[in-house]
Amino acid sequence: MATMKFMCDAERCIECNGCVTACKNANEVEWGVQRRRVVTLNDGEPSEVSISVACMHCDDAPCIAVCPTETLYQRDDGIVLHDKDLCIGCGYCLYACPFGAPQFPKQNAFGERGKMDKCTFCAGGPAETPEEEYQKYGANRIAEGKLPLCAEMCSTKALLAGDAQEVADIFRQRVVQRGHRDGGWSGNPRAEADSLAYDATRQG
C-alpha cells in the first residue's frame, strides 16, 4: 500500500495562500482553526522563501505517542487521523508536534479549549454517516480517489501530495533540472552556494 505524504517545494511557492483558502473551503473548519498556513522564512531578504505547512503525517508521529486518550491514530497508508469523540483538549499533541499542526478553537485552560482539529489529508475521520464525518472532519476526498484540495489548487505545483515515492520522484526530477546532478549535496559549480534547489534558468 502507498504511503501518503505532503511536500512543499520552497523554490516554487509564491505565498499566494491558495492552499490555505482551498483547505478552508473544502473542510469548512470553525473560526480560529487554521489547518494549513504559509510560513515565510528570511522575510524581505534575497534568500526569502515560503513554505506551506500543515500536519505532515509523520511515520513515527510524536502526537500519537503523547496522546493520553488515543485520540490520534495512523492508517495503513500513513495518514494520521483523530477521533474528536475521544479528545479532551489537553494540548499534549500540540506541544509534541514540531509543525504546530494540532489546532484548538479556544485558548482556554486544560479541558476547556475545545476538541483538537488538524489536517486530515482530506481523508475524513471516524463517523457513522458521511454527513457526520463532514461536519466533524471535513471532506473525504481520498475515499473518492482524489488528492487533498490544497495540493490540487496550488497554482505553481509547489505543494505536492500523494504516494511518498511518486512525490519524491517528482522533486528529484526538479532538483536535477535545476542543476543538482548529484542530488543537490555536492559542490556543483553551476549551483549557488546557499541554494539547495538552484534554478538552472538563472545561468548566464
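Reply: Arg141 and Glu152 form a salt bridge, with their closest N and O atoms 2.8 Å apart. The term stands for a side-chain nitrogen of Lys or Arg within 4 Å of a carboxyl oxygen of Asp or Glu. Arg141 sits in the loop between α4 (130-137) and α5 (149-152) and Glu152 in helix α5, so the pair ties together parts that are 11 residues apart in sequence. Helices (H or I, at least four residues) and strands (E, at least two) are DSSP runs numbered from the N terminus. Arg141 counts as buried at 12% relative accessibility, while Glu152, at 38%, counts as partly exposed. Here buried means under 20% relative accessible area, exposed over 50%, and partly exposed in between, with a 1.4 Å probe and protein chains only.

The model is predicted: local features need pLDDT of at least 70 and side-chain atom pairs count only at pLDDT 80 or more, whereas totals for chains, interfaces and linings use all residues. Residues are numbered from 1 along each chain as its sequence is written, and side-chain values use heavy atoms, leaving out hydrogens and water.

The salt-bridge rule gives a count of 10. Another of these pairs is Asp77 with Arg75, where the closest N and O atoms are 2.6 Å apart. Asp77 is buried, at 9% relative accessibility, and Arg75 is partly exposed, at 29%. Asp77 belongs to the loop between β4 (72-74) and β5 (80-82). The side chain of Asp77 also has a polar atom 3.3 Å from the backbone nitrogen of Ile79. For reference, a polar contact is a pair of N or O atoms within 3.5 Å; within protein, one must be able to donate a hydrogen and the other to accept it, and residues adjacent in sequence count only if both atoms are side-chain atoms.

A further salt bridge joins Arg172 to Asp169, with the closest N and O atoms 2.6 Å apart. These two residues are 3 apart in helix α6 (residues 164-177), a separation of about one helical turn. Both are partly exposed: Arg172 has 47% relative accessibility and Asp169 has 36%.

Turning to the rings, how many aromatic pairs does a search of the whole structure find? There is 1. The ring centres of Phe6 and Phe121 are 4.5 Å apart and the planes are at 40°, so the pair is tilted. Rings of Phe, Tyr and Trp (its six-membered ring) pair if their centres lie within 6.5 Å; planes under 30 degrees apart are stacked, over 60 edge-to-face, and the rest tilted. Phe6 is in strand β1 (residues 4-8) and Phe121 in the loop between α3 (92-96) and α4, so the pair ties together parts that are 115 residues apart in sequence. Phe6 is buried at 6% relative accessibility, and Phe121 is buried at 0%.

Phe6 also has a charged neighbour: Arg36 lies over the face of its ring, 4.5 Å from the ring centre. A charge sits over a ring if NZ of Lys or CZ of Arg is within 6 Å of the ring centre and within 35 degrees of the ring normal.

Phe121 is not a glycine, yet it has a positive phi of about 60°. Cys122, also not a glycine, has a positive phi of about 55°. Cys122 lies in the loop between α3 and α4 and is buried, with a relative accessible area of 8%.

β1 pairs with strand β6 (residues 159-163) in the antiparallel sense over 5 bridges; two strands pair if DSSP finds at least two bridges between them. Opposite Lys5 in this arrangement stands Gly162 of β6.

For the chain as a whole, there are 6 helices and 6 strands. Buried residues make up 43% of its 204 residues.
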